Amino acid sequence: MTAASPNRITGLAALAPDYDGFFIDLWGTLHDGFEPLPGAIDCLQRLRQIGPVCLLSNSHRRREVEVERLVGMGLGEETYDALVTAGEVCRQRLFQDLPVDCPHNFAFVGLEENASLLNGLDCRRVTDVADAGFVFVGDPELEHQDLEAYRATLETAVQRFLPLVCPNPDRWSFWGDSRRVKPGAIAELYESMGGHVVWYGKPCANAFDAGAAALPQRPRRALVIGDGISNDMVGARDAGHDGCFVAGGREASGLGIRAGESPSANRLAALFAEQKVSPVATVPLFVW
């Protein structure tokens, strides 16, 4: 299947039996930040009858935080086989990915509660970026959704050649109907200023490697299911997996459709060509 002729299906029943494992996005695919999306729980249960399921999230929070969030939505740990967050991958890999001579002092940029991801690690937070060995970013503060609020700090970090650690590569996300800027947007700005970023989460290989390792057995043929083209579908492509694009998720407004609708084949083809991806299929929602 090529990007020029996207295969549009109504549900995963037409595709899933060809695979023996699944990597599934959370936000925008399985839930909207508050509750499971229509048909998502049923679809999840049916996929697990075929092969193991790893929920693969770009959340920069600890795994247990996401587990608790899902429990509140009626999704207990018995409903999936593994859950991996970008934040957990960051904690596991941070010191091996930083330059060998990089001091473990860090300056934090973003929403204060997100700084806790590094608690318990052999590093120390400093208040002045001039004293830091690296910069760590979280969600932009609600009152600072304009990235220019962070430019002065980032300029100092660039001048000192500091690596910036981004534990969530998403540029934006929805909380219900509210669109919010995410850590990846700060990291992208830093790169545009000439800075070096250490990325965690999809589409990076570190996310898919951690997901495969977390499953009871590595799939021989895995399917990546998600509503993000630049993270889920690009990540699937780079990891050598097939991808199924959930078009009615967070990309819906950009496609000129409402959540749960399916865009035209021409619109999909243009979008896939732009990102150089070729999902094996597109579904309106994560449904069976």
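**Close-up views of a predicted model**

**View 1. Strand 1 and strand 2 form a parallel pair.** Three bridges join strand 1 and strand 2, in the parallel sense. The coordinates come from a predicted model. Across this pairing, Phe23 faces Cys54 of strand 2. Helix 1 belongs to the picture too: strand 1, helix 1 and strand 2 build a β-α-β unit, and the unit is right-handed.

**View 2. Strand 1 also pairs with strand 11.** Strand 11 covers residues 222-226 and runs parallel to strand 1, with four bridges between the two. Phe22 is opposite Leu223 of strand 11. Phe23 has Val224 of strand 11 as its bridge partner. Phe23 also stands opposite Cys54 in strand 2.

**View 3. The side chains of strand 1 split into two sets.** In a regular strand, side chains alternate between the two faces of the sheet. Strand 1 shows Gly21 and Phe23 pointing one way. Phe22 and Ile24 point the other way. Are these four residues buried or exposed? Gly21, Phe22, Phe23 and Ile24 are all buried.

**View 4. His31 sits in a loop.** This loop links strand 1 (21-24) to helix 1 (40-48). Why does His31 count as buried? His31 has 0% relative accessibility, and buried means under 20%, so His31 counts as buried. A polar atom of the His31 side chain lies 2.9 Å from the backbone nitrogen of Gly33. Leaving aside residues up to four places away in sequence, His31 touches Leu26, Pro36, Leu37, Arg69, Leu70 and Met73.

Conventions: Residues numbered from 1 in each chain as written. Predicted model: local features only at pLDDT ≥ 70, side-chain atom pairs only at ≥ 80, totals over all residues. Heavy atoms only, no water. Buried < 20%, exposed > 50% of the residue type's maximum accessible area, 1.4 Å probe, protein only. Polar contact = N/O pair within 3.5 Å; in protein donor to acceptor, adjacent residues only side chain to side chain. Contact = heavy atoms within 4.5 Å. Pairing = 2+ DSSP bridges. Right-handed = clockwise from strand over helix to strand, strands pointing away.
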